[in-house]
2 protein chains.
Amino acid sequence: MRNIALKLMYNGTAYHGWQVQKNAVSVCGTLEKALTEITGERVHLTGCGRTDAGVHAEAYVANFRTASRIPLERLPFAINTHTPEDIAVGEAMEVAEDFNAIGSCLKKEYTYRIYNSRVKNPFYVNRAYFYPKRLDEAYLNRAAHMFVGTHDFAAVRSVGTQTKTTVRTIYWCDVSRSGELLELRVCANGFLYNMVRAITGTVLYAAEGKFRPEDIPAILESGDRTAAGPTVPPGGLYLTRLWYEDERLNG
Amino acid sequence: MRNIALKLMYNGTAYHGWQVQKNAVSVCGTLEKALTEITGERVHLTGCGRTDAGVHAEAYVANFRTASRIPLERLPFAINTHTPEDIAVGEAMEVAEDFNAIGSCLKKEYTYRIYNSRVKNPFYVNRAYFYPKRLDEAYLNRAAHMFVGTHDFAAVRSVGTQTKTTVRTIYWCDVSRSGELLELRVCANGFLYNMVRAITGTVLYAAEGKFRPEDIPAILESGDRTAAGPTVPPGGLYLTRLWYEDERLNG
């Protein structure tokens, strides 16, 4: 059996997230169906993370085991002809036998995009969170920096998935502006359920004066979800970078 | 009667173009319906150009006459609450009695976007023309420059709309690259039906070696539509800038 990793991208608007669910169209399910048609085997795909309904991926890695002999260089094209245009596989490569897209992932970066303009932009519908009141990116950045480090992030996650520990390490958490688009980029060794969306909501709460950036460490320490800001909508969230020991998979 | 101009944007993917048509959803028809609901009058809207099905506008101006006393500053919000998210009105202003969004327009710029990468990008579906073979933007630019000036553009228009003359003046026609995105920007005093899409197709034909950039003047002179390149798909086309004597409308 070969262990094959796929590098792909998807626009998550039309999907109920990565993970296969009953009675809902998922990115994983759509790809597994295509791979089953191509290989003639029942394929099980392991993704690098469970992105939620409406969340996007500019970088994503998934792996599966197969006895099929289809040449690797033909696989992306074959998959893309079997899947809708909102999923695109760029590369397929054979990886180590024990490689696992989620277990082998060293760190990930998510980006949350905010369209900060007085008027809605039709080109950002489902792609950035529309926030009409002018935001000061330097102030947002100060609040975002408060999340950097090894902390218990229970205050900024939604309950719903089981996890051994809610301690994670955030390597960076920055806000930058390019015209009317703000980006909050968070890189960590792992993410809890809805963590980036709750961090963004908390940073926006600071911008709204609901608390100061300096209050964020105490909010984290409290472990109290209701003390932090709200979970902002999924359309602004993108998985943007991945790091593996096998550097061919980084992107 | 006040003469009111609206500055707006739209994602044209879901529409059969600007112009009202029987049994098809148009941008103009959608806005007229909203304005009728708001003013209680039967509103007739004049647009700055007849963008085709699937074509977008990052800048667009339309005007209408009304006896309604709704304050101008409230109008954009009122319209936006009556229209889908893919249309957004940014500003409403009173204009001169004889102002006409198309007749008063001095010049317009259209941008055609090409996503030039080996692999499709799910975020450019219906927003840029996917062209997988590597393009040399300097060579494309050379071909694009051949269209600048006052010429008869009959060779790069589709027949279908009546026009007194097929002579227009192109002020600039440039190709630039930003990463995997190529942009062809054309500014003219007026455009014929499908003209930008045929110019882009002709520039791409030159890139494919079907003729040289230097052959383009003779193709234009021939007036023969079949001598030029094909009409590329609508999703890559955006109306991007407008110029009026009333500079408040420029954008």
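Modeller: Helices (H or I, at least four residues) and strands (E, at least two) are DSSP runs, numbered from the N terminus. Here, A:Tyr110 lies in strand 5 (residues 105-115) of chain A. This is a predicted model, in which local features need pLDDT of at least 70 and side-chain atom pairs count only at pLDDT 80 or more, while totals for chains, interfaces and linings use all residues. Residues are numbered from 1 along each chain as its sequence is written, chains are lettered from A in the order in which they are written, and side-chain values use heavy atoms, leaving out hydrogens and water.

Colleague: Is A:Tyr110 buried or exposed?

Modeller: Buried means under 20% relative accessible area, exposed over 50%, and partly exposed in between (1.4 Å probe, protein chains only). A:Tyr110 has a relative accessible area of 7% and is therefore buried. UniProt, in an unreviewed entry, places the feature "binding site" at A:Tyr110; such annotations may be inferred rather than shown by experiment.

Colleague: Which residues does chain B bring to its contact with chain A, by class?

Modeller: Contact means heavy atoms within 4.5 Å. The interface takes 22 residues from chain B and 23 residues from chain A. Ala, Val, Leu, Ile, Met, Phe, Trp, Tyr, Cys and Pro count as nonpolar, Asp, Glu, Lys and Arg as charged, and the others, Gly among them, as polar. The side of chain B that touches chain A has 11 nonpolar, 5 polar and 6 charged residues.

Colleague: How many salt bridges are there between chain B and chain A?

Modeller: A salt bridge places a side-chain nitrogen of Lys or Arg within 4 Å of a carboxyl oxygen of Asp or Glu. The count between the two chains is 2, and one of the salt bridges joins the side chains of B:Lys120 and A:Glu85 (2.5 Å, N to O).
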